[in-house]
Every structure is written in structure tokens, then in C-alpha cells.
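Student: I would like to go through a structure with you. May I see the sequence and the model?
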Amino acid sequence: MPLKKLEKLTQAANTYKTILNAMEEWVVIVDHQAKIFFINRPYARFLGVKAEDVMGKKVTDVIENTRMHITVQTGQAERLSFQKILGSNMIANRFPIIEQGEVIGAVGTVIFHDTHEWKQINSHIKALLAEHDFHRQKSLTADKVETGANFHLNDIIGDSQVMKSLSSKVTQVASGDVTVLIRGESGTGKELYAHAIHQLSDRAEFPFIKVNCAAIPENLLESELFGYEEGAFTGAKKGGKAGKFQLANGGTLFLDEIGDLPLLMQAKLLRVLQDREVESVGGTRSTPLNIRLITATHRPLESLIESGDFREDLYYRINVVAIDLPPLRERRDDIAKLADFFLQKLSRRTGRRAPKLTVQALTAMLAYNWPGNIRELENVMEAAFYTSHDRKIPLSLLPPQLAQNGTSIQENAIQPNLAQPNASSLKEQLNQVERNIIKTVLIECGDNRTKVAKQLGISKSTLYEKLDKHGIS
Ligand SMILES: Nc1ncnc2c1ncn2[C@@H]1O[C@H](COP(=O)(O)OP(=O)(O)OP(=O)(O)O)[C@@H](O)[C@H]1O
């Protein structure tokens, strides 16, 4: 009888061995006596054994904290169960293999190899869910006013390569509690990214508290950050006041413009971060700190350290993971999409149909340097939206510094210098110009592909090939 069970198991497993070895999940199959019948290569590699050497051995002698022998005995499946192996917390599934009503063995898989991986996948799922909600919300609330109070990764517009890699970096670091320093010129979206990291983290249900270190007078900073007790100083409120650190408890504290923090406060902040506890002004008790810290700056901290204006030790504390946001002029590929995004947003807010940029206006925008980055682009679009007639934004409605850029540009003529400065070969530059032309005309034609193909004098299938080639959706 036992031999029959083993034959059945052999038959069932032989077909799939190659596939099981190719899987990323770790797989182990035991026979009805809980002896290892098969273990796939990734699992054996992790255990530091050779698959052939452990065949036929009792699973309990090979895999720490296994419950496969129990699955064989009870015939009960166990899903998503924690299992500590070689010091890591794994998540495993165990299923009995049943043939004609009898248990002939069991199959176990380790689906998450440590809690970090589990958290990363959790963040990834959150990003997917947020994307799903975002699209559903968009179709449900197309006419409603946007509050703009909370930002998700999906609110960050940008298809350029650099933006795509930033999104994946954000998804990766969001799950841990790692301290993040976001650097970038003014208006590049530092606050937006801070929100997105918080939303994707395990702290998403807890507060996100922002402090603009440059906006608070130096004498108030300490009590703003750490709070104060009743009677701590003249004018202190009855009952005292909680500081931003206390308000952010369990959540994320976002210290914007950290480069502007006075030296005395830098020392105090460093102490709080080192001791991981905070004491309010005039207080006698410290409370343990449970926050994730995100800081941002547009100032070069390294130069501030050299000039003695920023503490080097604090710099290392806050710069655990750095996220560098590129200025808009280094990702011109995103200008057309961002412009359209802001016009659509205004259209939803006001109920007015969104005007379209003429080719000349958009061409000038693509050639402009955008010192104020995305905030400047948003303001330019807002001004143009309210002054536009006939659902068109011509060059004349753009501010003078931009319009100047466009006066030398003939309608429909695209300048070769619209290519990124670092696009080296002629082929790359031509590609970039082609991409810009297509994006421009897409916006002009309100995304009507038939019109676009007609205006460009190409067939629809050629247009689709080109859209595909340039990754334009
Ligand atoms: N990628 C983006 N997609 C959509 N909107 C963006 C993007 N980046 C920035 N914005 C918008 O641009 C404006 C400026 O962004 P934000 O305040 O995050 O920039 P910042 O770098 O923190 O600026 P500052 O350093 O001046 O505080 C905001 O209205 C924001 O919503």
C-alpha cells in the first residue's frame, strides 16, 4: 500500500519538476511519511543543501520549524503561516496532496522570503490599488472640485525615463521606515513625493505632518517642533501645546527646507533623532519617538556644511536614502503631458472645457528653461486658462519670457534644439524631435488619433507604430 502511494506521487511530480525548479517561490514536496520527495533548487540553495542529498530525509531534519509532517498527518491545508528559517520570517503555504481520498503527500511553498519582501510587495500592492482607485475616481468625479490635499504616486505626472525610475525607487523605499532626504530645485515636486512616500508606507493611516523650517521664526521653532508645557514661558497657552513631533506620532514628519534650520535647532533635532525621544519645552518627561522622518531641501547641503551652516552629523542622519528630483528642463518630455494635466484639472474645477495649446505655444514651452519648474508651469497654465478664448491658448497668452522663445518659431516648425541637451547621436535627437512633434499634435487634436495622423500626413497604423516606439499611450 505505501509503495502505491509513492508511485502515485512520483507520477504526479515528475511532469512538473523542471517547472518547479524554475519558480521563484520555494517549493518542497514530502511523501506520506513526511520524507522529502522533492525540493526545488532555489529552496535548497537557501538552505545550503544539495537537493539530491536531502531526498528521502525527514523534512523535520532538513527544514527548521516546518509543519509539513503535520499537514501529512491531518490532511489540513495551512495558508499564509509564519515560519522562521535561518533567522528570517518567511510566509509559507502547505497543502496536502490527496488522491482518491487518501493523503499521499504534501506540498509546501514559501511565498515571501522575509518580512522586508512582504512589506515591499505590500507597498507595491498599495501603489496598484491607488492607481486603480485613481482611475475609478477620475471617471466617477470628473466634474467635482479637487482638493489637492493628499497626493498619491499617481498624482505625479511624468512618463520620462527619469520619472519612471523615481517612481520605482519611491515604491521600494516607502515600505521601510528609512529616513529620506528629497532634493531638488524649488517647484520640482518635493512635497508631492513626501506625500506619496507616506501614502505608500505602513504609516499611511497615521498623520502626515509638514513643517516648513524656513517659514517659522527662529524663536518659535523649538516650541513648534517639540511643543510646550503650561507655564513654560510668558504667553504659553493654558494646558500647553503639542509640537509637530508629537502630532506626527505613528505617522510621518516632513521637514521641508531643512537647509534653512538654524544651527541651534539642528543640534536639538539631532539629539531628538539620536535619543529617539522628545521632550517639550518646560517639560520634565520625555516621550518615545515613533515617527518616520522625511526632509527636503533646495539648497546644496554639502556646500552649507563647508561654510559651517549645516551640521555634518545631522546631514548623515537625514540622508539615509536620497531622492534627487530633476529640474523640468532636464525632462522636457513631460512638459506637454503636465500642461495638459493642469488644464484638465482647471477644467474640472471650473466646469469650463479645457482649451488647447497651439503648436506654436507648446513649442515655445518645450524650448523654455522653466527656472520655477512645475510650479511655474502650473501658474502659466492657470493664467492662460482664464484668459483663453475659443478653446485655444496661442503664444500671445503666455508670459513674455516664454513668448519671446516662441516668436522666432514659425507655426508648426519644431526646433531641433527641443531635443534633450544630453541626447548625443543624431538618431537620438531626431527621435526626440519626432516624439515632441507627435505629443504636440496629440494635444492640439485633443487626442483624436485620426486627426493626428491626418495632420502629420501619415497613416493611422504608422502613427500607432510611432506611439508605441515612443512609449506614448
Ligand atoms: N510630477 C508632478 N505632477 C503633477 N504635479 C506636480 C508634479 N510635481 C510638482 N507638481 C505640482 O507643482 C507644484 C509644486 O510642487 P511642490 O510644492 O511639491 O514642489 P517643491 O519642490 O516642494 O517646491 P518648494 O521647494 O518651493 O517647496 C504643486 O502644485 C504640485 O502639485
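Student: Which residue in β5 is the bridge partner of V30?
Tutor: In β5, V30 has A106 as its bridge partner. Helices (H or I, at least four residues) and strands (E, at least two) are DSSP runs, numbered from the N terminus. This is a predicted model, in which local features need pLDDT of at least 70, side-chain atom pairs count only at pLDDT 80 or more, and totals for chains, interfaces and linings use all residues. Residues are numbered from 1 along each chain as its sequence is written.
Student: How many bridges join β1 to β5?
Tutor: Six bridges join β1 (residues 26-31) to β5 (residues 102-112), and these strands run antiparallel. Two strands pair if DSSP finds at least two bridges between them.
Student: In what order do the strands of that open sheet come?
Tutor: The order is β2-β1-β5-β4-β3, with antiparallel pairing. The edge strands, β2 (36-39) and β3 (78-85), each pair on one side only.
Student: Now the parallel sheet: which strands stand at its edges?
Tutor: The open sheet β7-β10-β13-β6-β14 has parallel pairing. At its edges stand β7 (208-212) and β14 (321-324), each with a single partner strand, so one side of each is left without a neighbour in the sheet. Strand β6 (residues 180-183) and β14 pair over four bridges, with I182 opposite I323 in β14.
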